[in-house]
Amino acid sequence: MPFEIPSDLHPDLMPVVWLLGTWHGNGQGDYPTIEPFTYEQELVFAHDTRPFLHYFSRTWITDAAGERVRPGALETGFLRPAGDKQLELVLAHPTGYAEVWYGEVDGPRITMATDLVARTSTAKEYTAGQRMYGLVEGDLMYAQDMAAEGQEMQSHLWGRLKRV
């Protein structure tokens, strides 16, 4: 799908302009404390002329045929350029977490790690995360690692999304 840089885009967002838009696709999840699963995902990176992107992701757990079984994870936040290829990401989740991430953009690739994970008293234990996003053949591919429930940092989610 053709992509045009918006004329009102804040210049600080040029290193991450390739993220803009709505993305849709599928992913997989696995972790020692849960059963492996598949999911459908819609992810949006939007701007409103200020120097940040609004990030919103929602998922649906899917069955073996790819049909939606139930709602999955939701997260929302803001991706903020911090100068010299550095990025900040602030995320909130309805499951009782708020996170601060720091990372770097290198062309069509972003790597990030949590600096802070705050959780409510009813949230499950989750202590750290790492994420990588990349533009591969026009698709948004990502992988997410996590340390939670007494487990060391390891692979948790991965997916491939197409711009819609």
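Mentor: The largest cavity has a volume of about 50 Å³, volume being the space filled by probe spheres set on grid points joined across faces, edges and corners. A cavity is a set of points on a 1 Å grid over the protein atoms alone where a 1.4 Å probe fits but cannot get out, and lining residues have an atom within 4 Å of a point. This is a predicted model: local features need pLDDT of at least 70, side-chain atom pairs count only at pLDDT 80 or more, and totals for chains, interfaces and linings use all residues. Residues are numbered from 1 along each chain as its sequence is written, and side-chain values use heavy atoms, leaving out hydrogens and water.

With a cut-off of 30 Å³ or more, the count is one cavity. Around the largest cavity sit Leu19, Phe45, Leu79, Leu89, Ile110, Met112 and Tyr133. That lining splits into seven nonpolar residues, no polar and no charged, where nonpolar covers Ala, Val, Leu, Ile, Met, Phe, Trp, Tyr, Cys and Pro, charged is Asp, Glu, Lys and Arg, and polar is the others, Gly among them.

Now for the strands (DSSP runs of E, at least two residues), which pair if DSSP finds at least two bridges between them. Strand β1 (residues 21-31) pairs with β2 (residues 34-46) in the antiparallel sense, over 10 bridges. One of the contacts to look for is tryptophan 23, whose bridge partner in β2 is leucine 43.

How values were computed
1 Å grid on protein atoms, 1.4 Å probe; cavity = no way out; pocket = protein on both sides within 12 Å on 5 of 7 lines; lining within 4 Å. Helix = DSSP H or I, 4+ residues; strand = E, 2+ residues; numbered from the N terminus.
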